[in-house]
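User: I'm new to this one. Can you walk me through it?

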Amino acid sequence: MTDIPADVRRAKRAYLLVGLWIPLVVVTGALVLMLVWLPGMPETIAIHWNARGEADGFAAARTTPALFAAVGYGLPLLLSLLGLAGNREGEWGPTYRFLATISLATTAFLTTLITWTFAAQRGLADTHDAPSIVPALAVGAGLGVAAGVAGWFAQPKLTVSGGSAAGDSVPAITLEPGERVVWLRTTTMARGGVFAIVGSTVLVAGLAVAFALIGIDIWWVMALIALLFAVLAVTTCVFRVRVDSSGLRVVSPVGIPRFRVALDDISSVSVVHVNPMAEFGGWGIRLGVDGRFGIVLHSGQAIQVVRRSGKTFVVTVDDAETGAALLTALAARARA
């Protein structure tokens with residue numbers, strides 16, 4: 001096992017501090033305040049405001065701490081575990097820094113907004129008199145931005161990857177004149193990516209159900225987002241990779257999405273090592289920070305094709321050397 005470099009260890013500690021521990025402490029403090037205030041709250045409180053900032057949706061007071069706990073704890077846990085699930089020993093990238101920043105900024109915004117509106121309704125005789133949400137939104141947004149900026153600069157700027165954008169060229173397989181050869185493989189998303197999609201789907205679906213039960217009218221938006229995540233899980237978790245006389249084809253089992261690089265469009269073929277989080281910001285159909293595009297489902301080897309236009313297509317797949325060697329031979333034969 002390789003030792004993790006000291007700078008990566010420092011980056012990981014900062015990532016957990018900014019993205020997990022501080023948000024959990026902030027949420028816990030706000031939740032304790034809400035529970036202390038709960039006996040003095042009206043039985044029903046405002047939980048939704050219209051575009052003018054006027055209260056127009058109401059629910060039992062105990063609903064707010066329960067939903068806040070679910071979202072407040074669930075979001076930083078999900079984002080932090082998402083990052084750690086995709087981390088290979090000794091590797092780091094800007095995506096981790098961004099995830100921690102989003103976690104802290106969102107927690108600061110939501111905590112300010114929900115705690116403010118909850119506290120403002122203590123002792124109200126009529127919950128229709130709940131004050132406007134506009135000041136809470138303004139202060140929450142300001143604190144969210146400030147927390148995000150602080151969280152970003154509290155983490156080191158570090159990129160350490162075991163991958164290589166240049167890749168290693170692979171000797172072409174020897175083909176007899178007129179010989180027909182096909183190489184087939186199936187590539188599957190890593191558990192970290194599946195966890196991210198399934199976790200996000202369950203979290204958003206749970207919020208949709210909770211919002212529907214308490215009468216918040218945006219529940220259908222959350223339901224649509226959950227449906228979108230479910231469709232992504234079905235269409236992007238598995239791809240079939242094929243190299244033959246037509247070139248490189250990568251197709252989802254349901255038929256879409258599909259990608260193809262024709263033989264006459266290939267400038268070069270190589271094998272690279274890919275870390276999804278460090279280089280592409282996650283799993284699935286990805287655009288890397290360096291402009292490479294492709295199907296990145298797990299860490300490890302990938303076939304990398306540079307097109308004649310200079311654009312690069314990458315697909316992570318087992319036995320990438322064989323696929324790349326055959327693709328190199330077929331492209332050379334097509335040019336000849």
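User: Where is proline 65 placed?
Analyst: Proline 65 is in helix α2, residues 63-85. Helices are DSSP runs of H or I with at least four residues, strands are E runs of at least two, and both are numbered from the N terminus. This is a predicted model: local features need pLDDT of at least 70, side-chain atom pairs count only at pLDDT 80 or more, and totals for chains, interfaces and linings use all residues. Residues are numbered from 1 along each chain as its sequence is written, and side-chain values use heavy atoms, leaving out hydrogens and water.

User: Is proline 65 buried or exposed?
Analyst: Proline 65 counts as buried, because its relative accessibility is 5%. Buried means under 20% relative accessible area, exposed means over 50%, and partly exposed lies in between (1.4 Å probe, protein chains only).

User: What is proline 65 in contact with?
Analyst: Leaving aside neighbours within four places in sequence, proline 65 is in contact with Leu31, Met34, Leu35 and Phe118. Contact means heavy atoms within 4.5 Å. Proline 65 and phenylalanine 118 are 53 residues apart along the chain, and their C-alpha atoms are separated by 9.1 Å.

User: New topic. How many aromatic pairs are there?
Analyst: The search of the whole structure finds 4. Rings of Phe, Tyr and Trp (its six-membered ring) pair if their centres lie within 6.5 Å; planes under 30 degrees apart are stacked, over 60 edge-to-face, and the rest tilted.

User: Why is the pair of phenylalanine 259 and phenylalanine 313 called tilted?
Analyst: Their planes are at 35°, so the pair is tilted; the ring centres are 6.1 Å apart. Phenylalanine 259 is in strand β7 (residues 258-262) and phenylalanine 313 in strand β12 (residues 312-316). The pair links distant parts of the chain, 54 residues apart. Both are buried. Phe259, Phe293 and Phe313 form one aromatic cluster.

User: And what sits over the ring of tryptophan 152?
Analyst: The charged end of arginine 97, 3.9 Å from the ring centre. The rule asks for NZ of Lys or CZ of Arg within 6 Å of the ring centre and within 35 degrees of the ring normal.

User: Zooming out, how many helices and strands does the protein chain have?
Analyst: The protein chain has 8 helices and 12 strands. Buried residues make up 46% of its 336 residues. Its C-alpha atoms fill a box of roughly 90 × 45 × 30 Å along the principal axes.

User: Last one. Where does tryptophan 219 lie?
Analyst: Tryptophan 219 lies in helix α6, residues 219-236. Tryptophan 219 is partly exposed, at 41% relative accessible area.
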